[in-house]
Amino acid sequence: MATGRTGTTADGHESHAAGGNETESYPGLAAALEDGVSGAVRFDEYTQILYATDGSIYQSRPAGVVYPRDEADVRAVHRIAARHDVPIVPRGAGSSLAGQTVGKGAIVLDLSRHMDSILAVDAEEQRVTVEPGVVLADLNGRLEQEGLKYAPDPASENRATIGGIIGNNSTGAHSVRYGITQDYVESVRAILVDGSTIEAREVVLDSDEWTHLSTGDSLEAALYRTVREVVESNEAAIEDRYPDLKRVVSGYNLDAVVYTNEDDERCINLATLFVGAEGSLGTVVAATLDLVSRPERTALALYAFDDLLAAMRAVPVALEYDVSAVELMDETLFDMAADSNEFDRYVEPIPDGTTAALMVEFDDELVSDFEAAIERVDDRLLERGAAFDRIVALEPAEQAALWKLRKAAIPLLMSLPGDPKPYPFIEDATVPPAELATYVAEFQDVLAEHGTSAAYFAHAGAGTLHIRPILNLKAEAGVETMRAISQDVTDLVREHHGSFSGEHGDGLARTEFNPKMYGPALWEGFKAIKSAADPDWRMNPGVVVFRDDDPADMREDLRYGPAYESIEPATVQSFEAEGGFDHLVELCNGCGTCRQTNQDVMCPTYRATEEEIQSTRGRANLLRAAISGELPADELYTEQFSSEVLDVCLGCKGCTSDCPTGVDLAKLKVEVKHEYHERNGITVRERLFGNIETVSRIGSLTAPVSNWVTEIPGARSVLESTLGIAAERSLPEFTRDTLERWDEGRSAPPTDADAERQVCLVPDPTTNYVDPGPGKAAIEVLEAAGCQVELAPNAGDTGRAAYSNGLLDRASEQARDTVETLTPKVAAGWDVVYVEPSDAVMVQDEYADLLPDHDDVSALRTNTYGIMEYVDAFDLDDAIEWDAPDISLTYHGHCHQKSVGTDHHAARVLERVGYAVDELDSSCCGMAGTFGYEADHYELSTTVGDIVFQQVEESQGERVTTPGASCRTQFGDSDVVEESPPHPVEELAAALP
């Protein structure tokens with residue numbers, strides 16, 4: 001195996017080295033690239049695996065990856081690749097669903113790392129110029145201040161790059177209103193295969209500029225001449241073969257590349273050709289895009305139907321009105337959402353008996369009176385009996401909930417247990433909306449003939465339905481059925497004057513069928529254009545077009561094929577709910593949501609480093625490689641795998657809620673780390689951190705001496721050199737006045753058998769021995785609300801610290817002790833409450849996997865709460881006349897609570913008692929329990945923290961509050977607050993009358 005490092009240092013910084021034995025397969029190539037570019041070059045085996053997949057069903061190892069810093073680097077890569085006769089695959093976020101960004105033996109150009117600048121914004125002309133690595137959500141965030149936006153809105157906008165959007169000719173839910181990417185690309189600058197540059201823009205045919213550009217032996221000149229010749233000699237075929245649809249995202253855009261402009265001049269714009277070319281003609285390094293104004297208000301009406309085909313027949317009716325979107329959801333989605341902890345609340349408003357629903361959106365640029373507009377649609381769809389009910393959402397929060405449900409379709413479907421999955425391969429075929437009902441009925445017949453089913457959702461208004469047949473691609477029969485369905489459906493689409501792709505492009509999934517779509521004359525034209533721009537066919541070969549001697553076959557290079565096998569390792573935790581360790585790993589479908597940088601929790605280490613290996617997808621890909629034989633079986637337990645893949649995972653659990661399919665990397669990490677410890681032993685630091693209760697108790701008993709010792713000059717350096725505890729990090733200051741001692745010495749309220757609720761408050765190690773303030777506040781608030789409160793003796797250590805360090809035997813032992821200690825209280829009717837969020841979630845979540853056969857775990861989990869969750873769940877604040885200080889709060893929630901959906905309680909309660917609260921949509925603080933204390937991770941920890949600190953500085957709150965002890969430590973060590981922030985329950989206590 002290759003032993004070279006991935007180019008990532010332990011603290012997450014980029015290394016320029018390209019190591020590993022895999023370079024031997026490409027003699028001289030890596031060295032030439034190292035000498036020729038300023039960006040990093042990586043040819044090691046880990047990097048090849050990381051970039052072998054994207055969001056599709058395909059997998060193909062590249063030669064290596066280059067992270068170009070600028071256009072000069074891109075040009076150099078093209079020239080070096082030409083000398084070595086190696087393919088090039090441009091890549092952005094790698095979220096493509098058809099296999100556009102994987103290439104066997106290719107140099108992958110990752111343009112997302114450095115080439116991500118917004119070069120110019122012209123608000124007056126509504127135009128922007130960007131580099132290809134700019135993420136769409138970031139671009140729109142910058143444009144919002146101008147009241148503008150880039151119109152096409154793919155669901156992947158929080159990680160999709162403009163380069164990928166141009167390559168795929170992307171669109172989104174509002175294509176009914178705005179069309180697709182080719183409608184908004186004014187010009188591009190691209191590097192052709194020989195390293196030459198083309199400035200593709202509008203050129204008047206037969207003008208002096210045309211003559212200059214089309215004359216000579218350059219690739220640019222050949223491309224201009226060839227495109228014109230192909231278009232002008234195939235006008236009838238273009239008219240016949242290109243469907244009259246808003247969405248045609250397949251082949252080359254010959255129907256739009258030559259046109260008559262507003263001045264009645266015949267023009268050619270090769271920028272339109274590069275749009276949707278999927279990197280097969282060259283690498284886009286800059287683009288100028290047209291923008292649109294941003295509507296200020298929108299309204300949604302959801303129409304419920306008791307029949308799917310009735311909903312389809314209603315689509316053209318809805319399109320008769322000034323709508324900005326018409327989206328479909330079906331009963332499969334509703335049923336799965338109702339069974340999901342994350343999405344069940346979003347499906348509650350859907351009327352009973354709904355088989356299909358159409359979401360119809362209006363915006364205030366098209367409609368001045370939302371209610372009147374909805375009434376007009378009601379008259380056609382509701383009152384005449386097509387739909388049996390409808391919901392109206394005028395407020396942004398209500399609309400967001402419905403959109404959340406609509407966008408839940410793919411995550412819910414891809415999380416189906418077992419090997420059969422609803423795979424994307426024909427899911428974005430598009431037909432005229434008027435033919436949708438007939439098309440869907442015939443599609444259902446195709447599925448029935450092949451013995452499978454599918455869910456129906458997405459962009460009905462544009463005629464694009466995401467229909468994903470459920471197949472097992474690990475079986476030969478499943479692969480053959482996939483191709484047979486594709487053959488039948490492409491025939492069906494042609495009959496209905498549609499397009500094989502209306503959103504996700506050709507890639508490896510649909511290029512095979514382009515000759516059928518466009519006919520022999522245009523297919524020959526496609527090949528002529530490819531040859532003109534790329535004579536040796538090195539730019540992303542095999543997509544959009546293919547050689548006659550190397551025909552495309554959608555069955556090749558599958559991530560999961562008949563030859564795929566996986567190893568199911570023995571585990572301490574139960575993986576029964578996920579179908580096994582291997583199935584949990586395989587839940588990652590490569591969509592790249594973990595690369596998002598502007599919302600949710602996942603993935604904090606990727607945000608800090610922009611390293612693929614430090615994303616959830618990257619780690620899952622390497623885990624899958626190890627259990628499927630791509631890497632040696634024991635690779636999981638090597639020092640390299642541990643340090644580079646697992647150790648820099650914070651265990652924040654954000655992936656359990658934010659990953660569309662619920663890949664629980666934190667659970668996978670600790671399982672592998674446990675076996676690593678079994679084979680390689682445990683460090684003193686890990687043993688120390690894994691026994692945090694004992695360490696804290698000793699520190700408290702010996703305080704203040706224990707605190708003074710660490711302040712002796714040189715003591716911190718010794719701790720770093722011997723134990724690996726960061727010298728820069730402030731250490732806990734232990735107190736002899738523990739929460740337990742305070743509780744014993746206070747005048748407690750008399751036992752009240754009639755108390756509305758009885759609470760067993762558990763003093764976790766930090767609350768008991770380091771910072772009793774939140775514990776005292778919790779008791780004060782609970783007693784003020786009429787609860788009887790007792791501290792739980794000998795139950796402070798839930799095993800969270802041991803679990804996070806991969807010490808699963810110790811964690812299981814602590815979990816068993818906790819269950820046995822607290823079960824009698826639960827059986828007697830007491831509720832268990834934790835001040836520390838990570839401990840509450842440990843009991844609520846991880847205990848089920850650590851103790852799957854323990855009879856009492858379920859009852860304890862059901863009756864365990866975090867303190868703010870408890871107050872909110874039982875409306876305890878209603879019993880108190882609050883007197884909150886006149887101050888606004890910035891609330892940073894705990895990532896573990898976000899993972900189980902209990903984070904929102906704190907902000908809700910604080911607002912109800914009288915505080916103004918700015919609830920941050922923030923990721924992990926970077927401290928992550930003991931992670932931030934580790935010297936080799938300290939820099940990464942603070943870098944992650946800086947991202948949250950920036951959000952705090954931008955917040956309007958006057959004071960920060962956060963429930964996690966780790967979060968309070970991280971904030972206390974920063975410059976954004978003067979001292980460690982209070983726990984939200986302390987803010988409640990401050991508001992007591």
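Trp-523 and Phe-526 are separated by about one helical turn, being 3 residues apart in helix H20 (residues 514-533); helices (H or I, at least four residues) and strands (E, at least two) are DSSP runs, numbered from the N terminus. Trp-523 is buried at 6% relative accessibility, and Phe-526 is buried with a relative accessible area of 0%; buried means under 20% relative accessible area, exposed over 50% and partly exposed in between (1.4 Å probe, protein chains only). Ring pairs also join Trp-523 and Phe-526 with Tyr-242, Tyr-252, Tyr-518 and Phe-546 in a cluster.

Residues are numbered from 1 along each chain as its sequence is written, and side-chain values use heavy atoms, with hydrogens and water left out. As the model is predicted, local features need pLDDT of at least 70 and side-chain atom pairs count only at pLDDT 80 or more, while totals for chains, interfaces and linings use all residues.

Charged groups also sit over rings, a term that applies if NZ of Lys or CZ of Arg is within 6 Å of the ring centre and within 35 degrees of the ring normal. Arg-757 lies over the face of Phe-874, 3.7 Å from the ring centre. The charged end of Lys-825 is placed over the ring of Trp-830, at 3.8 Å from its centre.

Turning to helix packing, the axes of helix H23 (residues 616-627) and helix H26 (residues 665-680) come within 11 Å and cross at roughly 45°. Axes here are lines fitted to C-alpha atoms, for helices over the stretch in contact, and angles run from 0 to 180 degrees between N-to-C directions. H23 and H26 are therefore oblique to each other (angles under 35 degrees count as roughly parallel, over 145 as roughly antiparallel, 65 to 115 as roughly perpendicular and the rest as oblique). Where the two helices meet, Thr-616, Arg-619, Ala-620 and Leu-623 of H23 face Leu-665, Leu-668 and Val-672 of H26, with contact meaning heavy atoms within 4.5 Å.

In helix H40 (residues 904-912), the buried residues are His-905, Ala-906, Ala-907, Val-909 and Leu-910. These buried residues of H40 pack against helices H38 (867-873) and H43 (984-990), together with strands S26 (888-891), S27 (916-919) and S28 (959-961). Just after H40, Gly-914 adopts a positive phi of about 125°. Another histidine, His-896, is found in helix H39 (residues 895-900) and counts as buried at 7% relative accessibility.

The peptide bond from Met-602 to Cys-603 is cis, with omega near -5°, and Cys-603 has its place in the loop between helix H21 (581-586) and helix H22 (604-609). A cis peptide bond also runs from Ala-703 to Pro-704, with omega near 5°. Asn-169, in the loop between helix H5 (162-168) and helix H6 (175-178), has a positive phi near 55° although it is a residue other than glycine, and Asn-169 is buried with a relative accessible area of 0%.

Note on methods: Phe/Tyr/Trp six-rings, centres within 6.5 Å; stacked < 30°, edge-to-face > 60°.
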